[in-house]
Amino acid sequence: MFTIWGKDKCGLCRKIIMVLELLGKDFDYLVLDDDFTAEEFTAKFPGKIQFPQVEMDGKHIGDCQETIEYLKEHRILT
């Protein structure tokens, strides 16, 4: 299960959502100021400022590009 930590009007957030939907993967999409605060984001992902940040089964994978690379490396996305 993937968790996407994103924000409104984020093109990269929409991109990773589309990728996971095309792959048929389950995910939760959490939105800044609705589901978490900026302070919670900073505490959870120290040093990260880019949206989205993605987790898989509670393990941090990274931003949009890092997640796509992870999916390719693990042959989830070919």
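Which backbone oxygen does the side chain of glutamine 53 reach? Keep that in mind as you look around; the model on your screen is a predicted one.

**Stop one: glutamine 53**

Select glutamine 53, which you'll find in strand β3. Its side chain reaches the backbone oxygen of glutamine 50, at 2.8 Å.

Is glutamine 53 buried or exposed? It counts as buried, with 1% relative accessibility. To see what is around it, show the residues that glutamine 53 touches, leaving aside those up to four places away in sequence. Among them are Thr3, Ile4 and Trp5, along with Phe41 and Phe45. Lys48, Gly62 and Asp63 are also touched by glutamine 53, and His60 turns up again here.

**Stop two: glutamate 55 and lysine 44**

Stay in strand β3, which covers residues 53-56, and click on glutamate 55. Then select lysine 44, in helix α2 (residues 38-44). What do these two side chains form? Glutamate 55 and lysine 44 meet in a salt bridge, 3.0 Å from N to O. The pair links distant parts of the chain, with the two residues 11 apart.

Glutamate 55 is buried, at a relative accessible area of 7%, whereas lysine 44 is partly exposed, at 40%.

**Stop three: the cysteines**

Next, pick cysteine 10 and cysteine 13. Their sulfur atoms sit 2.5 Å apart and form a disulfide. Look along the S-S bond and you'll be viewing a right-handed link, with 75° about that bond. Both cysteine 10 and cysteine 13 are buried. The disulfide count comes to 1.

Notes. Residues numbered from 1 in each chain as written. Predicted model: local features only at pLDDT ≥ 70, side-chain atom pairs only at ≥ 80, totals over all residues. Heavy atoms only, no water. Disulfide = S-S within 2.5 Å. Buried < 20%, exposed > 50% of the residue type's maximum accessible area, 1.4 Å probe, protein only. Salt bridge = Lys/Arg side-chain N within 4 Å of Asp/Glu carboxyl O. Helix = DSSP H or I, 4+ residues; strand = E, 2+ residues; numbered from the N terminus. Polar contact = N/O pair within 3.5 Å; in protein donor to acceptor, adjacent residues only side chain to side chain. Contact = heavy atoms within 4.5 Å.
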